[in-house]
Amino acid sequence: MADFSWLSKFPKMDRSTLLEIRKYLDGAFRDFSREYGELIESFFDPLLDFLIWFEKLLVQSPWWAVLLCITTLVYFASRSWKLSLGVVISFLLIGYFGMWEDTMRTLSIITVCTLLAITLGVPIGILMSRSNRTQALVTPILDVMQTMPAFVYLIPVVMLLGIGKVPGVIAVVIYAIPPVIRLTNLGIRLVDKEVLEAATAYGANRMQRLMGVQLPLASPTIMAGINQTIMMALGMVVIASMIGVKGLGQPVLKSITNQYFTLGLFNGLAIVALAIIFDRTSQAYAKRSQKHMRGGQHD
């Protein structure tokens, strides 16, 4: 008599076979990490040195000097005294509530992660915009990176590099880089073909068209991608604290495990303040750049 049990129960792999596959893959990755872990770790030593130096610079410098530098940068990027005043008030409150050092550590990590994401993401986005084949290859990888639970990134990174700043930065960059890649690709692809044809007619080569036409016209879209990358990086701060990244994430994690509501709330609000500052500053800079570019075209 025919067996129709598969109609009521989903057919699945034998448990022992599945266990063997898991053991094989886990063992292979473990052997890889033992064999090449130290080599990979030494490759990231310059990044670790820079992270330590930058964190010490922010933490050990006089608070008023750091606040002055941040406010100056925000003002020159946004040309908004209201936003600059908001930055001053936010950081004064952060310092008053005893969160200055943790905020500086988080700021250092997020700044480095953002710079790395831009340095890696923009060129990848440019490559995607130039080749449909590259876009077809990279897009599924970005889909996986954006939908994979953030905790999963920590497993291979910790197995390879242990716990600390560098594994945290790598996990944050992997989690946060997709928006800047996608929107760089999209922004360049949306540039009007007639404008490119006009540039070609004036004798511009491929690099000149990219640097002089495509990137400036795509800059608002690229800035939106950078903005989203910063937001995602800040959202990863608490998860990265689980592998030893110091900053505002560790008190939040401590408040979860010990049920300290106020501690979690205050540090969470400090992360929100950083997010709003980054968001408003990058948006204001993008708007100013767009106006300046339009003005130049009008002239």
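This is a predicted model: local features need pLDDT of at least 70, side-chain atom pairs count only at pLDDT 80 or more; totals for chains, interfaces and linings use all residues.
User: What percentage of the chain is helix over residues 103-282?
Analyst: Strand accounts for 0% of this stretch, and its end C-alpha atoms lie 19 Å apart. The helix content over residues 103-282 is 86%.

User: How is α5 oriented relative to α9?
Analyst: Helix α5 spans residues 100-130 and helix α9 spans residues 178-189. Their axes are 7 Å apart and the packing angle is about 40°. Because of that angle, α5 is oblique to α9.

User: Is the crossing of α5 and α9 left-handed or right-handed?
Analyst: On the α5 side the contact includes Ala117, Gly121 and Val122, and these residues belong to a set that meets α9 residues including Val180, Ile181 and Thr184. The contact residues divide into 8 nonpolar, 5 polar and 1 charged. The crossing of the two helices is right-handed.

User: At what angle do helix α1 and helix α7 pack?
Analyst: Helix α1 is formed by residues 15-43, and helix α7 by residues 150-161. Their axes are 7 Å apart, and the angle is about 65°.

User: How many nonpolar residues does the contact of α1 with α7 have?
Analyst: Phe29, Arg30, Phe32, Ser33, Gly37, Ile40 and Glu41 in α1 meet Pro156, Met159, Leu160 and Leu161 in α7. By class, 2 residues of this contact are polar and 2 are charged, while the nonpolar ones number 7.

Notes:
Residues are numbered from 1 along each chain as its sequence is written. Side-chain values use heavy atoms; hydrogens and water are left out. Axes are lines fitted to C-alpha atoms, for helices over the stretch in contact, and angles run from 0 to 180 degrees between N-to-C directions. Helices (H or I, at least four residues) and strands (E, at least two) are DSSP runs, numbered from the N terminus. Angles under 35 degrees count as roughly parallel, over 145 as roughly antiparallel, 65 to 115 as roughly perpendicular and the rest as oblique. A crossing is left-handed if the near helix is turned anticlockwise from the far one by less than a right angle, and right-handed if clockwise. Contact means heavy atoms within 4.5 Å. Ala, Val, Leu, Ile, Met, Phe, Trp, Tyr, Cys and Pro count as nonpolar, Asp, Glu, Lys and Arg as charged, and the others, Gly among them, as polar.
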